Amino acid sequence: MVLNSDRSDNRTSCRASFRRGNQLALKHTAVQRRPGVALYAAVQDAIEALIQERQLAPGDALPPEQELQALFGVSRATIRQALSGLEQRRIVERHQGRGTFLAIPTMELSLPQLTGFSEQVRARGMRPSSRLVEYADVTALPDRDAHFFPTGTPLIRMVRVRCANDVPIGTHAAILPVELAERAGLSESRLRADPSLSLYASLEAAGVRITWAEEYLRSRGADRAEAELLNVRPG
């Protein structure tokens, strides 16, 4: 589900403020490199120390790569490698043409009671429905969620706009092995024909009971495609 957020505008203003207030204060800082530790890893530690020193909050902008390069006296490639490592650890987020920002932490929840979208909407006295907008083979595509399955597993990605009382309130993307989708009758034609189809109910009817799950929540702006589906403004 996509939640509207003013985060993009806030980031831009934070970055501008940081640069105006601190650009002249940046001075060359020696990177403390321990024996056996790669230079980029030492720069990662230095950037984390800078974050603490500047008391940056999630969503705040880091100095541009060029300023970090001058600050630590290392190459642009080393800075980028260090930032890439911090991004993988979810400490920072990088956005093309906008810069690097301190990441907003995701919320991680265990789900002791699994209920699908349809069940949650009905529990609130509303009528659930959905509209299929994509049904595609993603076996050979670089999808960010496909790594949960063994390499080479035939996969189907289905994306639906989820509605409550016919009002779009979110998008739902699910990736399933082709064999499981076929067993549960989750075909493209059935998903298009039945707006009230429940993914969990279909899986359970096919003898597949989900017993454990994790949920990761974060707020972000809707991109243009999502905004069009949800009838909201981009961002």
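How much of the chain do buried residues make up? Buried residues account for 35% of the chain's 235 residues, where buried means under 20% relative accessible area, exposed means over 50%, and partly exposed lies in between, with a 1.4 Å probe and protein chains only. This is a predicted model, where local features need pLDDT of at least 70, side-chain atom pairs count only at pLDDT 80 or more, and totals for chains, interfaces and linings use all residues. Residues are numbered from 1 along each chain as its sequence is written, and side-chain values use heavy atoms, with hydrogens and water left out.

**The whole chain**

- You'll find 9 helices and 7 strands here; these are DSSP runs numbered from the N terminus, with helices (H or I) of at least four residues and strands (E) of at least two.
- Among contacts (heavy atoms within 4.5 Å) with a separation of 6 or more, 61% join residues 24 or more positions apart.

**The sheet**

- Strands in a sheet pair through backbone hydrogen bonds, either parallel or antiparallel.
- Here, an open sheet of 3 strands runs in the order E4-E5-E6 with antiparallel pairing; two strands pair if DSSP finds at least two bridges between them.
- E4 (128-137) and E6 (167-177) sit at the edges with a single partner strand each, so one side of each has no neighbour in the sheet.
- On average, neighbouring strands of this sheet are turned by 20° against each other, direction ignored; the axes are lines fitted to C-alpha atoms, and angles run from 0 to 180 degrees between N-to-C directions.
- E5 (residues 155-164) pairs with E6 over 10 bridges in the antiparallel sense, and isoleucine 156 stands opposite leucine 176 in E6.

**Helix H4**

- The buried residues of H4 (residues 76-88) are Thr78, Ile79, Ala82, Leu83, Gly85 and Leu86.
- They cover an arc of only 155° around the axis, which puts them on the same side of H4; the arc is that of the directions from the helix axis to the C-beta atoms.
- On the face turned away from that buried side, H4 carries the exposed residues Ala77 and Gln88.
- The cover over the buried residues of H4 includes helices H2 (39-54) and H3 (65-72), plus strands E1 (92-95) and E2 (99-102).
- Just after H4, arginine 90 takes a positive phi of about 65°.

**Serine 198**

- Look for serine 198 in the loop between helix H7 (188-193) and helix H8 (199-205).
- Serine 198 counts as buried because its relative accessibility is 10%.
- Leaving out residues up to four places away in sequence, serine 198 touches Ser118 and Glu119.

Conventions. Expected span 1.5 Å × (residues − 1).
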